[in-house]
Amino acid sequence: MLAALAAGIHLQTVPSPTPHTIPGAGIFQSSYILSLAIWIPVAVAVVISVLPNPRGRFDTVIKQIAFFTNLGLMFILFIAYNQFSTFLPNVQYEEKIAWLPAIGAVYHLGVDGPGMVMLVLSGLIGIIAVLASQGVRERVRSYFALLLLAQACVTGAIAAHDLFVLVLFWSAATVPITLLILGWGGARREAAAWRLAAYWGAGSVALMLAVMGIYAATGGTSFDMDAVLKSPLAPRAEVIVGLGIFLAAATRLPLFPFHGWARDVYAEAPLGVVVLVASTGTRLGAYLVLRLLVAAEPDGARLLSPLMAGLAALTVIYGAAAALRTVDLRHAGAYLALVPGGVTALGLAALTPISLAGSVLGLFTGGLAAALIASAFTTISDRAQTRNLAVLSGVGPRMPKLAWLTVLAALGLLGVPLMATFTSNEMTFFGAFKTQPVGGFAVAAGLALTAVALAVVVQRVLFGAPNTDAPAVSDASLGETWYLGMLAGALLWVGIVPGGPKLPGTDQPLFDPGIANVFVADLPEIVAPYAGTSGP
Amino acid sequence: MKYAALVPEALVVAAAVALLLGARWRLPAYRRYRTRLPAVVAVVLLIALGVELWAGAAVATYFSGGLVLDRFALFVKAAALLAALVAIGAADWAAEDSPSISLAMPLLAVFGVMVAASAGDVVVLWAGLELAGVAGVATLALRRPDLGLRLLLLGTTASALMLLGLAYVYATAGTADLGGIRQALASSAPTLPLAIPVLLVVGALALRASFTPLQLAGPAGWQASPVSNGLLAGIVAAAALVAAIKITAAVGPVSGVFASYLEVISALLMLGGGAAALGVRSPRARAGLIAACQLGWILAGLATHYRVGTASAVFLLGAFVIAATAAPAVMGTLGTAEVALTGLGSLRPHRAAAIAIALLSLAGAPPFAGFFGEFAVGAALAQSRHLELLAVGLVGSTLSLIAAIGTVRVLYLQNPIEETRRGAPLPVWTRFSAAGAVVLCALIAAYSLFASPILSLADQGAEGLGLR
């Protein structure tokens, strides 16, 4: 399967002569499918925030509204995914409306394969984040309104095909997420929220400077990605702009040493926010590098790739080492959640077609793995009423469902076969060892260290000698099982059938075109400048 | 019909005079409708706005070139009228000492802005600026005469500097007409003798524009009435900015003498305003400092001294004047201390939403009006290769945004507290004030949605000033 993928990506300079035909294609057509995915949550958030809710009487209704909104969105996004024309080298579901013509800003949305993968992840995470937020009891109306706004910002940043729209949604995401942590976080929520605001704010400044740099260098007439990213820049300008983009991405992904917000946010934020931030929120960083640096500024990307590989290696090693040293389970989850970001960054740094393809798949799989490990450790600490690793010991037999899900999370993080991360990690390493051997080996060593850290933590917490002095322990609730199960299930689903299930006895896709087929759309165009560095 | 375009000015002045006379002689009609005065004034402003949008579209000249009604004037007058309208609508009138004066002075200040925006020569420009300034002083002195006196002295100093500079410019150009000055300076070199008066004028205007929002940061500023704070931070500052835009356009041919100076002032305001906003706890002080940061963005747009930059600055000016005028007014007496706003989101949802959106817009948070304006100015700065100024502005805006989030957190994420701990009574809920708050929110949202035609009008305004 890997070889087929690699060969497919390598050879695709023209669209596939036999793109898959999905049963039911063309049933539903909308020119505004991406706008619906962005603005429906905003509209529902506004409605929720003005709904009367005396003494929390309608808290359950509000939760249901948020859930069914996300379910509806997932339905819309699944239609988009199902109807997506695989292997086409162009942006699909485009919407283009003049917004600020005086400065060349256009409301331009559109997705290609990598964008579609991110959108599917965003839709899935929307449902999971709401399920993970069922425990919210205070100011329910505000919480779900902010959560929906945060989701809309992430979806908007994914679908943006204009730099103005990208900056708008990228920067806007900081506000609801900071407020969510400030309002519903743990004991150290103030520190967590302000750190997040400071780091993400700095990232937004860097992105805005990079965007303005591109704008100025391309004549100052347009922010449309179609126009500005296809205009060649001077090599020096590419490096300067690339540095800004990389800095913005490094604060969001996050990469060492721009990770200062991650530990506190993952450890203090409410569960739904942890899921959202650890998955789509942070994957936006890698998506930004792919979209604005790798795909648009090849000279800048080549020059910055050793730096990116170095930071990727440092991130993975740091995450694993810090997880080994910490005595707080939620901190351990936070550190381990840094690892998939480092692997994805390595793939982007390697700049080979197969490593880039691995990174694109890693946007999806890494996001799921990071969210799963951070939220599984958070749920264990909630259910065990302590996060102290000195106290937590041998709770596995008393929380069997959580034990299973945590083990799956650990396997997903490490990228073992059958898990979706296996495919993405392997592709990343196959590509990276050729062009970034030192970085590749360092990241691999970091993954080995991660395995040790996971073994130590999981062995102690789940399978160690039970601590009789520890507080009472209970297993995951139905809601917690569902949201953790969905994360683990998605990792397994893509790991087992990345090409989508087929109709029995045929080569026709059943209903899912397969993420492996979808994410390669437009990928040959993106990797074309690096084709010379591809495999044997 | 030629004079129909001056009807808005006439309506505004007539309403202000009627309010002052009614209060002075306690006319029966005034006493009978005293509680409905804000609504009556709002209706007058709405009519004036309607007439302005209908009749102001035609370009015309009045009083031998003293007043020029062009697209720039149309834009600024509409923005000032809207700012006064929403501030009056959303204000807590129970917190004002003298509703008649607190209503009349904003009208006079708006009239000052309208005159300055239409000014064809420096004398009319100066007159409009002074009128707005005096109205600000009068309303501030109602509650705090000491503050009023201080503001008067500062304003007089700024006026003296400005008059001195304008006199030199007049002597150099040989005309007081703004278009004439531009033509006369077109062939001049940016010499030191010319630089000194231009610097005096620009400095005086920057001082006048910025000291009112910055003054609100001091403890004394919090004790002024909310409407007077809004008037000073928004409309009076806008008058100074309008004068700055017109004068920088007129002396544009010798922009080399003031561009660097303007860059330094704008950088100081953007960074200083944002950083200082993080350090204060009073919401009204915070709003003033955040407004100072946005004011720096407007000056940065002028520092580019070309059409797109000025158009972006004018576009941002519209967003600024609405949010900066309305924010302190809608906070009412609760704006003095952060604890007073605790949990307002569940007690007064309309007012809390208006405060949050006005503050976020001033801080340049997406997707509110301020973000669009700052982005447009940022694009102009990038086009003109002022990337260092852009970087400073972005840092300032980030600091402002963090400060604004702090206030939004208090509004929405903290549970309401008892009245005794709040330190100030909750604003009285009326349909009128709720509608005012909703209109403010809708206006800021509409500014983003309809950014294209608004920016296009601002661009026509900049073109009308003779910029290329």
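How many helices and how many strands are there in chain A? In this predicted model, chain A holds 22 helices and two strands. The radius of gyration of chain A is 22 Å, close to the 24 Å that the globule rule gives for 536 residues, so chain A is as compact as a globular protein of that length. Taken along the principal axes, the box filled by the C-alpha atoms of chain A is roughly 65 × 55 × 55 Å. Of the 536 residues in chain A, 63% are buried. Contacts in chain A were also considered by sequence separation: among those between residues at least 6 apart in sequence, 82% join residues at least 24 apart.

One helix pair was examined in chain B. Two packed helices are described by the angle between their axes and the distance between the axes. Helix H14 of chain B spans residues 307–331 and helix H16 of chain B spans residues 349–362. Their axes come within 9 Å and cross at roughly 140°. An angle over 145 degrees would count as roughly antiparallel; H14(B) and H16(B) are therefore oblique to each other. The crossing of these two helices, H14(B) and H16(B), is left-handed.

On the H14(B) side, the contact involves Ala319(B), Ala323(B), Ala324(B), Ala326(B), Ala327(B), Val330(B) and Met331(B). These residues meet Arg351(B), Ala354(B), Ile355(B), Ala358(B), Leu359(B), Ser361(B) and Leu362(B) in H16(B). By residue class, the contact of H14(B) with H16(B) comprises 12 nonpolar residues, one polar residue and one charged residue.

Definitions and conventions: Residues are numbered from 1 along each chain as its sequence is written. Chains are lettered from A and ligands numbered from 1 in the order in which they are written. This is a predicted model: local features need pLDDT of at least 70, side-chain atom pairs count only at pLDDT 80 or more; totals for chains, interfaces and linings use all residues. Helices (H or I, at least four residues) and strands (E, at least two) are DSSP runs, numbered from the N terminus. The radius of gyration is taken over C-alpha atoms; the globule rule is 2.2 Å times the number of residues to the power 0.38. A residue is buried if 20 or more other C-beta atoms lie within 10 Å of its own, exposed if 12 or fewer, and partly exposed in between; C-beta atoms are placed from the backbone. Two residues are in contact if their C-beta atoms, placed from the backbone, lie within 7 Å. Axes are lines fitted to C-alpha atoms, for helices over the stretch in contact, and angles run from 0 to 180 degrees between N-to-C directions. Angles under 35 degrees count as roughly parallel, over 145 as roughly antiparallel, 65 to 115 as roughly perpendicular and the rest as oblique. A crossing is left-handed if the near helix is turned anticlockwise from the far one by less than a right angle, and right-handed if clockwise. Ala, Val, Leu, Ile, Met, Phe, Trp, Tyr, Cys and Pro count as nonpolar, Asp, Glu, Lys and Arg as charged, and the others, Gly among them, as polar.
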